[in-house]
Amino acid sequence: MSAYAALAAAGYRAQIRDKSTLFFTFAFPLLFLVVFGLIFRGQDVEESGLSYLSYTAAGVLSWGVANAAVFGIAFTLMQWRNDDILRLIRMSPAPLSAVIGSRYVLALVVGAVQSLLFVGVAMLPVFGLRPASGWPLLIPVLLLGVTTFLLLGVIIGSFADTPESVAAVANFLMLPMAFLSGSFFPLDSMPSWLQHVSVVLPLRYLNDAVSHAIAGRGGPSDVWVGCAGLVVFALVFGAVAVKTFRWTRSS
């Protein structure tokens, strides 16, 4: 527990010290909310009759939380390995679970702050989001979402050895996934084949569950299906992360 607490405290200090990264972690999703919210203000999706905001607010929030979880741990593991910090931790009594667990807690805190800030802005009169009665379901959904994408970040951080490669791989995965999973544009208005493709993407399940929780789109089954899908991806990513994790560049 002492190793876990020390790593968590070190991660927190590093997080708040990097002001530019901290700013864009929270500002980037809000920028997309403002852009899409103003462009599609007052418009409905013809296929469902629901407002664009009910889709884009949930989708951008999901993408923002997932993006922060992936990039946060991927960059940290890469940097710690290059600076031999991971090698020193390996020589200490601290287990791998303390390394990942300390970053996991930080990712949960970042995700919680992102969600509160995002929903608060989306509820302003200019956007007019009114959270659905099932909004408490957002808590377990985002918990699973952070877990799933943090494990994906562990895999990326284990393979990539430079900041450029982390950014390249993470963006290669997260940006197309955002478009194909309906984070920026409603899947209901996309071709059926694209809707089928999105079924194999973890962000699709997070989008659907968050969308029902905060906007009431779909039914309660969307939350449980979304949670089940995230659990499956978390198990797969977790198994791959354990097999591929590297303490040093060579092992």
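**Close-up views of a predicted model**

**View 1. Helix H10 and what covers it.** The cover over the buried residues of H10 includes H6 and helix H9 (202-215). This is a predicted model. The buried residues of H10 include Val223, Cys227, Leu230, Ala234 and Ala241. Helix H10 runs over residues 220-244, 25 residues in total. At 1.5 Å a residue it should span 36 Å, and its end C-alpha atoms are 36 Å apart, so the two agree.

**View 2. An aromatic pair within H10.** Phe233 and Phe237 both sit in helix H10, four residues apart, or about one turn of the helix. An α-helix has 3.6 residues a turn, so residues three or four places apart point the same way. The ring centres of Phe233 and Phe237 are 5.9 Å apart, and their planes meet at 40°, so the pair is tilted. Phe233 and Phe237 are both buried.

View 3. The structure holds eight aromatic pairs. In one of them, the rings of Trp63 and Phe184 have centres 5.4 Å apart and planes at 70°, so the pair is edge-to-face. Trp63 belongs to helix H3 (residues 52-82), while Phe184 is in the loop between helix H7 (163-180) and helix H8 (192-197), so the pair ties together parts 121 residues apart in sequence. Trp63 and Phe184 are both buried. Together with Phe32 and Phe179, they form one aromatic cluster.

**View 4. The second largest pocket.** This pocket holds about 350 Å³ of space. It is lined by 14 residues, and those closest to its centre are Ser115, Leu116, Leu138, Ile139 and Leu142. Helix H5 (96-122) and helix H6 (138-159) each give two or more residues to the lining. H5 gives the most, with six. The lining has 12 nonpolar, two polar and no charged residues.

Note on methods:
Residues are numbered from 1 along each chain as its sequence is written. This is a predicted model: local features need pLDDT of at least 70, side-chain atom pairs count only at pLDDT 80 or more; totals for chains, interfaces and linings use all residues. Side-chain values use heavy atoms; hydrogens and water are left out. On a 1 Å grid over the protein atoms alone, a cavity is a set of points where a 1.4 Å probe fits but cannot get out, and a pocket is an open set with protein on both sides within 12 Å along at least five of seven lines; lining residues have an atom within 4 Å of a point. Grid points are joined across faces, edges and corners, and a volume is the space filled by probe spheres set on the points. Ala, Val, Leu, Ile, Met, Phe, Trp, Tyr, Cys and Pro count as nonpolar, Asp, Glu, Lys and Arg as charged, and the others, Gly among them, as polar. The expected span of a helix is 1.5 Å times one less than its number of residues. Buried means under 20% relative accessible area, exposed over 50%, partly exposed in between (1.4 Å probe, protein chains only). Contact means heavy atoms within 4.5 Å. Rings of Phe, Tyr and Trp (its six-membered ring) pair if their centres lie within 6.5 Å; planes under 30 degrees apart count as stacked, over 60 as edge-to-face and the rest as tilted.
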